[in-house]
Structures are given as structure tokens and as C-alpha cells.
Amino acid sequence: MVRASQLLHPQREPAVPRPAATVLLLRDAGGGIEVLMTRRSATASFAPGAYVFPGGGIDAADTEAHALAARRPTQSDLRLTQAIAAIRESFEELGALLARHADGRPVSPSDVTALDRKAPFAAQVRQRDLVLAADQVFLLAHWITDRDLPRRFDVPFLVARMPEGQQPVADEAEQFEPVWVRPADALARHKAGQFFMIFPTIRTLERLVKFASVDAVLCACASEEPLWTSCPRAGLLQGAEARYMEHEMAFGELALVCPDGQMLHHLDWRTDQSVALLRNLQRVTAPNPGAMTGPGTNGYIVGDPDTGYIVIDPGPNEPEHQQRIWRATNGDIRMIVCTHSHADHSPGARPLQALCRHKPPILGLPSAPTARPASEFTPDRALADGETLVLAGHGVTHTLKVLHTPGHAANHLCLVLLEDGLLCSGDHILNGSTTVVDPPDGDMTAYLDSLDRLAAACDEYGIDFILPAHGHVLGFAKRAIEMLKAHRLQREARIVAAMRERPTGTLEDWVELAYADVPPRMWPVAKRSLLAHVQRIEALQLVG
């Protein structure tokens, strides 16, 4: 866990989320499913003017109304309360009533109009001997409002089929202009600036686009578990707020820099200056964007003015880049560490060293005989697997532990900032793509074994975040590593299938089958990792 003393921004307590419930009323239409949406009042305290699904806060009366509702055997008390709240809100806001008579007859439009939308709901249901159709309300998703907002809600997004014969009528107080809309159309209108929606609504509609019928949605929700759960995070991109779910690339960086949800971190890529991630951590991105490097190659600066600095991966030999690193450290560089010898990581080490008055040692592992000529590297001192590099001063210590992680390159290593649970992964783990494993210096079995070692290190050292050489900081470190390994093994299974389908084939034959989901322009690069997989498959005799 990151030390509180190293956070850039003062800690704060985000607002406590209030329990609420939202329901997506669905119907089948000619072009696919339609969802009922309504526009919130322009004076509403939350999401004014936005098109939303009906819903609102959960009342104590919703919990007390269990006896008035039908429930599934697998529906918990909490889910039942949420379903009742959603039914009540959809009635009060839009006049849509999910209920039936005690004898099983559906409620009629006249039954609905006989109820007073402003009077206590449960008492009227009881008086008219109605049964709330909570058993027909299913859990789609679970949203928790972003930490940066002053009003927050803990909200299940529920789904139900719109009752036959009923027509929505807005209350003209909280909600206006009910409209049936296909998810794809709502998204297109929002993009055109004609249909304002907030982030959870947008993301929910994006997931609904793939469903062809209401039955398909309800079937997907049969497990009683949400299809996804999210408490998004917000940052700044091109000067505007941008929000991200947990699986999106910027989420981890926002969690590291602004753990309490402050919307202060800029996500734009900067190659003209260092970017502070913590008090003791800066990122410097080389000006070498491309298909293989993404926005550029990240180097990291660990330390503070009292301890001096360790520079990790000074990048390609770009004089202005090395000058920026030197200025970011005030020239007080104690060590320069290269995670491996590739041309976008290590060539800047000697020029950076030459800028420093007290020549810091260049550390790493020498390139192996299998390395390509452009990747030759000889450090001043070879690092030993498991050794620590320590910066200390004025009662503060920053310790980097060295882990030898061959696979991407024979001399690849990762570094763990022990006090803060951070893994500097070099090219072994990237954000937004998978690394190339290029034989003979790259080895797929070694790569997978190194992933196992890093997953174990997450448990041993409490690693929560990964600092990759390409892309934003990754959160959920161990899960990210496990998902990366699973992806590699899934790819390997596709390669095995391709080799069996074309037993006399070549790499060119297999790549078009095994990497059919990758743009053909990337196949020449993919063939390098494919070769590494083929060598592993043959060594393990996975293809007879």
C-alpha cells in the first residue's frame, strides 16, 4: 500500500453513497430492444437535465413492503428491497406499475390510474390487494457514484419488461418527456449533443447494444449477480473531465494519484516534462510514440530531494529527453537502472550519466549473447536477483528490490518499490497491449514463469500497482498479471489449433488463423511472438 506521506494530494473522505435503485424498463421493437428513458428536471440536485432511467432513493417503507411482493427463491432480502424501490419509483415518476392482482391477473391501465402517484405507495398496493412483480425484476449492474462528486449513490441497475398495455406518463415534477429509444440511437444522439446522459447511463447503454431481445437481457441476468460492478474514477483529458471504469486503461493511474477521487490528475501524455505520480515517483516519457511504443517509452524517477534519485530506464539516446530527466532530479542521480537492453530503454544511460557531476553507476544485467546487435548493453555493475537498492535521508527510505524476469529479453528485470507496493515492470507487463517475445533472446516459457513469479511477488510485497514501460499505471496488479497470463495461454491454444489445422504450414500460414483478431498490418510483429509460442509448443510436445 502506498504510504500516505507520499501521496501528492491531501487525503479526504469521499461522500458516503446513499442506497438507491434504478430500473430499465424494456420492450421488444422492430430494430431490437428499446428502453424507457426520461429527462430529469433542469433544477434537479443530481444530473439536472439528463436523460435517465427511472429510479431514486430506497425508503424504509420499501424494506417493510416485502410481504406485498412476489419473489424468486434465489432473490435475497436486499435484492427484493431494491426491486420494490425500483417498482415504486417507476410508478411515481412515470406511472408504470409492475404488479398483478392476487389471483394472477395483470393490472390494467384503469388499475394504474386509480392509484395516486403522490400518496404512500405500499398502503395503496395493500388496500387494492395487489402483488408487486419483484420476481420479474432482475439485477443487471451495480454502480457506485464516482468519488469526486458531492452527492453519491450506491445503485443497482435493474431490468424488467414493460407491462403490456401501459403507457408512461411523466410526473412533470422530477421527470419529463418519457421516450422509448434503442440503446444505439440514444448513444448516437448523445454523441451529437442532442440527448444528454451521464456516464453510468452511457456505459450501460453501450452494454445493452449487443442484446437482440428482452428475453436475451433477462436470461443474461438470471444469476442474481451483476454483469458488472463499477465505481468510476475521473481525471482530466485535454482540459475536460473524463471518467473511466475499472477495466479501462487510465483507471489504475487515477487510483494511484488521486485515491480519494480528487479530479486533479491530467492524463494527457507529456514528453516535454516529467509527470508526478507520487511525492517520490515521477514518470518521464520519451518522445518516441509509435506502433511498438504506444505514447512513448516510460522511464521512472524514484526518490526525493532529501534522498536523491534513482532513474529507471533513461530511454533512447535523445539528448533533450536526458536533459529533462536531469532537470527533474536537479542532477542528484544516485543510480541509473535499465530494466533491459532494448533500444528504447538503455541507450540513454551513458549520456545521462555524463550529465551528472558525480557519475552515478549504471546498473542492470548485461545483454546475453542471444541479444540483437542493437540491444547490446554492458552495465557498470550487474545486479543480482533479489538484491535491494536503497535511497535514504532525513528518516525516509525508498527501497527497490530487483527481480530477474527473463522472457521478453534474457536480461530483463523488474523492480519493486517495497515501501509503497509498486512494481516497475519494464516491458514484461504493458498497459493496452501485450509485449513481444522475440526469440532467440525472448523465450515464452521463461516469460510465463516470470509472470508467475510477479504474481507471487504481489502477495509477498503487497503490490497494488504496476508501472509499465508503455501506457498508464495499472491497478489491481495481481489480477492484471493473471489476466495477462490467461490471454497468453488462450493465444497459445489458438496457435495449437492452427498448427493442427495446417500441420505442414509455416508461420505465415498459422498467423492468419491464430491472430485473426489482430489487424493484418500487425502480423509481421505477431509472428515474432508466434515463433516463441511454437518453440514452447514443440518443446512441450503439445502438437502430435
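Glu-241 forms a salt bridge with Arg-243, and their closest N and O atoms are 3.3 Å apart. By salt bridge I mean a side-chain nitrogen of Lys or Arg within 4 Å of a carboxyl oxygen of Asp or Glu. This is a predicted model: local features need pLDDT of at least 70, side-chain atom pairs count only at pLDDT 80 or more, and totals for chains, interfaces and linings use all residues. Residues are numbered from 1 along each chain as its sequence is written, and side-chain values use heavy atoms, with hydrogens and water left out.

Stay with Arg-243. A salt bridge also joins its side chain to that of Asp-146, at 2.4 Å, N to O. That pair links distant parts of the chain, 97 residues apart: Asp-146 is in the loop between strand 7 and strand 8, Arg-243 in strand 12. Helices (H or I, at least four residues) and strands (E, at least two) are DSSP runs, numbered from the N terminus. Arg-243 counts as buried because its relative accessibility is 14%. Buried is under 20% relative accessible area, exposed over 50%, partly exposed in between, with a 1.4 Å probe and protein chains only. Asp-146 is buried too.

Next pair. Arg-528 and Asp-438 meet through their side chains in a salt bridge of 3.4 Å, N to O. Again, distant parts of the chain are linked, 90 residues apart: Arg-528 sits in helix 14 (residues 523-540), and Asp-438 in the loop between strand 23 (422-426) and helix 11 (444-461). Arg-528 is partly exposed, at 33% relative accessible area. Asp-438, at 12%, counts as buried. There is also a network: Asp-59, Asp-62, Arg-88, Glu-89 and Glu-92 are joined by salt bridges that share partners. The count of salt bridges comes to 34.

Now the second largest pocket. Its volume is about 1000 Å³. The closest of its 40 lining residues to the centre are Phe-46, Ala-47, Val-52, Phe-153 and Ile-198. Elements giving two or more residues to the lining include strand 7, strand 8 (153-161) and strand 12 (240-244). Helix 6 gives the largest share, five residues. On method: a 1 Å grid over the protein atoms alone; a pocket is an open set of points where a 1.4 Å probe fits, with protein on both sides within 12 Å along at least five of seven lines; lining residues have an atom within 4 Å of a point. Grid points are joined across faces, edges and corners, and the volume is the space filled by probe spheres set on them.

On to Val-137. It lies in the loop between strand 6 (130-132) and strand 7 (138-144). Its relative accessibility is 2%, so Val-137 counts as buried. Beyond neighbours within four places in sequence, Val-137 contacts (heavy atoms within 4.5 Å) residues including Arg-72, Ile-87, Leu-98 and Leu-158. Its C-alpha atom is 8.1 Å from that of Arg-161, 24 residues apart along the chain.

Two strands pair if DSSP finds at least two bridges between them. Strand 13 (residues 275-278) runs antiparallel to strand 14 (residues 281-285), over three bridges. The two form a hairpin with two residues between them. Strand 14 is antiparallel to strand 15 (residues 298-304) as well, through five bridges. Follow Gln-282 across: Ala-276 stands opposite Gln-282, and in strand 15 its bridge partner is Ile-301.
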